[in-house]
Each structure stands twice: as structure tokens, then as C-alpha cells.
Amino acid sequence: MNRPRREAAARQIMEQSPPRVPPDLCAEAVRRGGHMLRRRTAARRLLWLLLGAAAVAFTVWALTVQPWVEPPSETTPPVTGWEGW
């Protein structure tokens, strides 16, 4: 489409009357927006709750298992009888 045709099409669109807007459009948008906000807030709270529960579970596991303590060696038997050498 060349420039004069585009300009003519744009003028035609601008000269037309604007489309009719439903009277309850604003109220419907506000209702949907409030619903989306409540859902997003609930999802955020749930994720924070899951993150907190995971942190507590990890802390309890770490305190009971104590992964930082070296486990006792089970590969060699205790050496006895070396006092005389």
C-alpha cells in the first residue's frame, strides 16, 4: 500500500464516529482487576508460606542430621598393641 492510500485509509478511520462503549465496561474492569489483585496476593502469600516452610524443614533437618560433623570411620578397625614399639 502506497502513502496516499495509507493516508486516505487513516483519514477515513479518523472521520468515522468512535465505536460505542458498553455502559458497564468500567465496572466490569474494576471487578476483574480486584479479582486479579486478590488472586495475585493469595498466590504471593502462598509462595512465601512455602518458602518459610522449606526453610524451617531445612533447618530442622540440618540440626538433626548435622551434615557438618565428620562421620566415624568404618573402613579400618581400631589399632591396638602399638604401645611397645
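**Helix contacts in a predicted model**

Biologist: How many aromatic pairs does the structure hold?

Modeller: The structure holds 1 aromatic pair. Phe 58 and Trp 61 make that pair, and their arrangement is tilted, with 5.8 Å centre to centre and 35° between the planes. Rings of Phe, Tyr and Trp (its six-membered ring) pair if their centres lie within 6.5 Å; planes under 30 degrees apart count as stacked, over 60 as edge-to-face and the rest as tilted.

Biologist: What am I looking at, and how is it numbered?

Modeller: This is a predicted model, in which local features need pLDDT of at least 70 and side-chain atom pairs count only at pLDDT 80 or more, while totals for chains, interfaces and linings use all residues. Residues are numbered from 1 along each chain as its sequence is written, and side-chain values use heavy atoms, with hydrogens and water left out.

Biologist: Where do Phe 58 and Trp 61 lie?

Modeller: Both are in helix α2, 3 residues apart, which is about one turn of the helix. Helices (H or I, at least four residues) and strands (E, at least two) are DSSP runs, numbered from the N terminus.

Biologist: Why would that spacing matter?

Modeller: An α-helix has 3.6 residues a turn, so residues three or four places apart point the same way.

Biologist: Is Phe 58 buried or exposed?

Modeller: Phe 58 is exposed at 53% relative accessible area, whereas Trp 61 is partly exposed at 42%. Buried means under 20% relative accessible area, exposed over 50%, partly exposed in between (1.4 Å probe, protein chains only).

Biologist: How many residues does α2 have?

Modeller: Helix α2 covers residues 25-65, 41 residues, and reaches 59 Å from its first C-alpha to its last, close to the 60 Å expected at 1.5 Å a residue. The expected span is 1.5 Å times one less than the number of residues. Just after α2, Gln 66 has a positive phi of about 50°.

Biologist: Switching topic: how many salt bridges are there?

Modeller: The whole structure has 3 salt bridges, each a side-chain nitrogen of Lys or Arg within 4 Å of a carboxyl oxygen of Asp or Glu. Arg 3 pairs with Glu 7, their closest N and O atoms being 2.9 Å apart.

Biologist: And which residues are linked in a network?

Modeller: Glu 28, Arg 31 and Arg 32 are linked in a network of salt bridges. Glu 28 meets Arg 31 at 2.5 Å, N to O, and Arg 32 at 3.2 Å, N to O. Glu 28 is partly exposed at 27% relative accessibility, and Arg 32 is exposed at 53%.
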